[in-house]
Amino acid sequence: DVGGNPATVRQRHLIWHLCEELGWNNDYRRIQRFVKKVTGTDRLEWLTPQQCGQVIEALKAMAAREKQQEAGQDGQ
């Protein structure tokens, strides 16, 4: 995560943290494809603050669904 928009450094760190929660940090291409799908921008480093917010909210929703599914499986 070198270079990129200086205004989004903290947001990009949060994105990487959420990717780690989802188990995505082993494949950089996965987050890049996700960023492209959500924002239409080719690279995470090029996102605007608003686009970072979109990606963050989408990742949070995915993490929440994953936790909910795990909790449902534990309860069965």
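## Arg29 and its partner

At 56% relative accessibility, Arg29 counts as exposed (buried is under 20% relative accessible area, exposed is over 50%, and partly exposed is in between, using a 1.4 Å probe and protein chains only). Arg29 pairs up with Asp27 in a salt bridge, with the closest N and O atoms 3.1 Å apart; the term asks for a side-chain nitrogen of Lys or Arg within 4 Å of a carboxyl oxygen of Asp or Glu. Asp27 is partly exposed, at 21%.

A word on where this comes from: this is a predicted model, in which local features need pLDDT of at least 70 and side-chain atom pairs count only at pLDDT 80 or more, while totals for chains, interfaces and linings use all residues. Residues are numbered from 1 along each chain as its sequence is written, and side-chain values use heavy atoms, with hydrogens and water left out.

## The overall fold

The protein chain has 3 helices and 0 strands, giving the pattern α-α-α along the sequence. Both kinds of element are DSSP runs numbered from the N terminus: helices are H or I with at least four residues, strands are E with at least two. The C-alpha trace spans about 45 × 25 × 20 Å along its principal axes.

Of the 76 residues in the chain, 30% are buried. The chain exposes about 5100 Å², with carbon and sulfur atoms supplying 50% of that (Shrake-Rupley method, 1.4 Å probe; for residues, only the protein chains shown count as cover).

## The core

The largest nonpolar core has 16 residues, and Ile15, Cys19, Trp24, Ile31, Val55 and Leu59 have the most contacts inside it. Helices α1 (9-22), α2 and α3 (49-74) each give two or more residues to this core. Such a core is a set of buried Ala, Val, Leu, Ile, Met, Phe, Trp, Tyr and Cys residues joined through side-chain atoms within 4.5 Å.

Leu59 shows who meets whom: leaving aside neighbours within four places in sequence, Leu59 is in contact with Ile15, Leu18, Cys19, Leu22, Trp24, Ile31 and Phe34 (contact means heavy atoms within 4.5 Å).

## Tying α1 to α3

The structure holds 5 salt bridges. One of them joins Glu21 and Lys67, with the closest N and O atoms 3.7 Å apart. Glu21 sits in helix α1 and Lys67 in helix α3, so this pair ties together parts 46 residues apart in sequence. Glu21 is partly exposed at 37%, while Lys67 is exposed at 53%.

Glu66, also found in helix α3, is partly exposed at 31%. Beyond neighbours within four places in sequence, Glu66 is in contact with Glu21 and Leu22.

## Thr39 and what follows

Thr39 belongs to helix α2 (residues 28-39) and is buried at 18%. The Thr39 side chain reaches the backbone oxygen of Val35 at 2.7 Å, and a polar atom of that side chain lies 3.1 Å from the backbone nitrogen of Thr41. Not counting residues up to four places away in sequence, Thr39 touches Leu47, Gln51, Gln54 and Val55.

Further along, Arg43 and Glu45 meet through their side chains in a salt bridge at 3.2 Å, N to O. Arg43 is partly exposed at 33%, whereas Glu45 is buried at 5%.

Key. A polar contact is a pair of N or O atoms within 3.5 Å; within protein, one must be able to donate a hydrogen and the other to accept it, and residues adjacent in sequence count only if both atoms are side-chain atoms.
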